[in-house]
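Hi,

Here is the structure I said I would pass on. Have a look at it first, and then read my notes below.

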Amino acid sequence: MTAACDDGFDPSWSATYATGTAGVDVCGNDPADGAWLDEFLTPWCGRAASGTGALQVRMIRSNRRARELTDEWTERRQHGPQPEPTPCIRLETRTLAFDRWAGTAGWRLADPLTGCQFVVTGRRVDVIAPEGAHAGQLFLAGMIREALTGAVAAAGRVLDLHAAAFAVGGQAIVLTGRKRAGKTSLLCHALLSGGGALIANDRVFVHLDAAPPVACGIPTVAALRQGTLDTFPRLREASATFAPLPRLDGPADTGPPGSPSPEPAGLLLTLARLAGRLGAPQIARAPLRAILLPEIAEDQDGWVLERLPEAAAATQLAGCLHGGRVGGEAPTFFTALMRGDASPLPPVGDQLGRLVSQVPVYRFRLGPDVYRQPATCWLHALATVEMPA
């Protein structure tokens, strides 16, 4: 893929990323994009032989090409026919829909928020971005993740959870539940004082074909809130290696010339940089030991673990599916392109029941002083619990 193409594009880097049987060939003309993608996708994806991916992606940095496509997009929006909003990338709370219209060959897509452009010809996707635009890297990573996760979810029994996860002693602990329940803070606590290895911060695939089920981290950008940063000051220790990502809503105020550069109230970090700041290893997956549903309890001291009956556990986990998906939905544009068809995603069906019959689920009540104790206390309690038969 590194040879110059007939349209004049001359890539300087290439890689084939694969997870399970799903693979994507990627190349680009800016080495910084290749380094970013490798950081974002590792260790979830491994490297595969060049040219073996089901989808080909080219990251093209070109101010001229980006301007031409933007002009084409603007002309169509102003004078018609209007582009069709098309679901392309699923996030936890919403699905990003890009404007889509037919080009001279294949499809054109544009993100209305950032103006990032995509040209789709057969099974090849060109991501067109101005030189140096950080949004281009985010959308490159997002569309590749969307293609791969869709292919993996369609290939076997997988539950897609909005969750964090870490491993201790070779076994995974998944932290899931409603937003602002303390998942990220509990994850940082386990990594800092419990000897844990980072698997995921926001999204976990649970593979049910294995026995016991396996928790696999899906790469995301970790957005750390002020409360978590205050509780764990080590997260503010910046370095060139573990620097925060730039925000799409504009740079933070850097203060007077010559002054130290403060970090914003909320930090954006890749999982590799989050693990680096916490001094923790990072792994792709581990057999699942337990699932915790953290709850902040201001009226108690320490922590309380309460094992949930299977029916109650399944009901709770049904509300923790990533994006609220229960299966049967139409795939996004990039998932359908990767799979080669637009058939609905597999339904969750009895998979939640299967999971809770094999893995214990706990309500984990956290008092305001819980982080003053080492995480080894509650991790030891989990390690001594008998697993379901």
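Let's start with charge pairs: the structure, which is a predicted model, holds 18 salt bridges. As background, side chains of opposite charge can pair when their charged atoms come close.

Take R61 and D33 as one example. Their closest N and O atoms are 2.9 Å apart. R61 sits in strand β4 and D33 in helix α1, so you are looking at a link between distant parts of the chain, 28 residues apart. How exposed are the two partners? R61 has a relative accessible area of 8%, so it counts as buried, and D33 is buried too, at 0%.

Another pair to find is R203 with D160, where the closest N and O atoms are 2.7 Å apart.

D341 counts as partly exposed because its relative accessibility is 34%. There is a network as well: E295, D299, E306, R363 and R365 are joined by salt bridges that share partners.

Now for a charged residue without such a partner. R90, in strand β5, is buried yet has no salt bridge. What R90 does have is a polar side-chain atom 2.6 Å from the backbone oxygen of A330.

The largest pocket has a volume of about 1,500 Å³. Its lining is made up of 50 residues, and K179, D202, V221, A223 and L268 lie nearest the centre. Helix α3 gives the most to that lining, with 6 residues. By class, the lining has 21 nonpolar, 15 polar and 14 charged residues.

There are also 3 cavities of 30 Å³ or more. The second largest cavity holds about 70 Å³ of space, and its lining residues include F40, W44, I199 and L271. Which classes line this cavity? There are 9 nonpolar, 3 polar and no charged residues.

Last stop: F242, in the loop between α5 and β17. With 26% relative accessibility, F242 counts as partly exposed. The C-alpha atoms of F242 and F232 are separated by 16 Å, and the two residues are 10 apart along the chain.

Cheers

Methods:
Residues numbered from 1 in each chain as written. Predicted model: local features only at pLDDT ≥ 70, side-chain atom pairs only at ≥ 80, totals over all residues. Heavy atoms only, no water. Helix = DSSP H or I, 4+ residues; strand = E, 2+ residues; numbered from the N terminus. Buried < 20%, exposed > 50% of the residue type's maximum accessible area, 1.4 Å probe, protein only. Lys, Arg positive; Asp, Glu negative; His and termini not counted. Salt bridge = Lys/Arg side-chain N within 4 Å of Asp/Glu carboxyl O. Polar contact = N/O pair within 3.5 Å; in protein donor to acceptor, adjacent residues only side chain to side chain. 1 Å grid on protein atoms, 1.4 Å probe; cavity = no way out; pocket = protein on both sides within 12 Å on 5 of 7 lines; lining within 4 Å. Points joined across faces, edges and corners; volume = space filled by probe spheres on them. Nonpolar A, V, L, I, M, F, W, Y, C, P; charged D, E, K, R; others polar.
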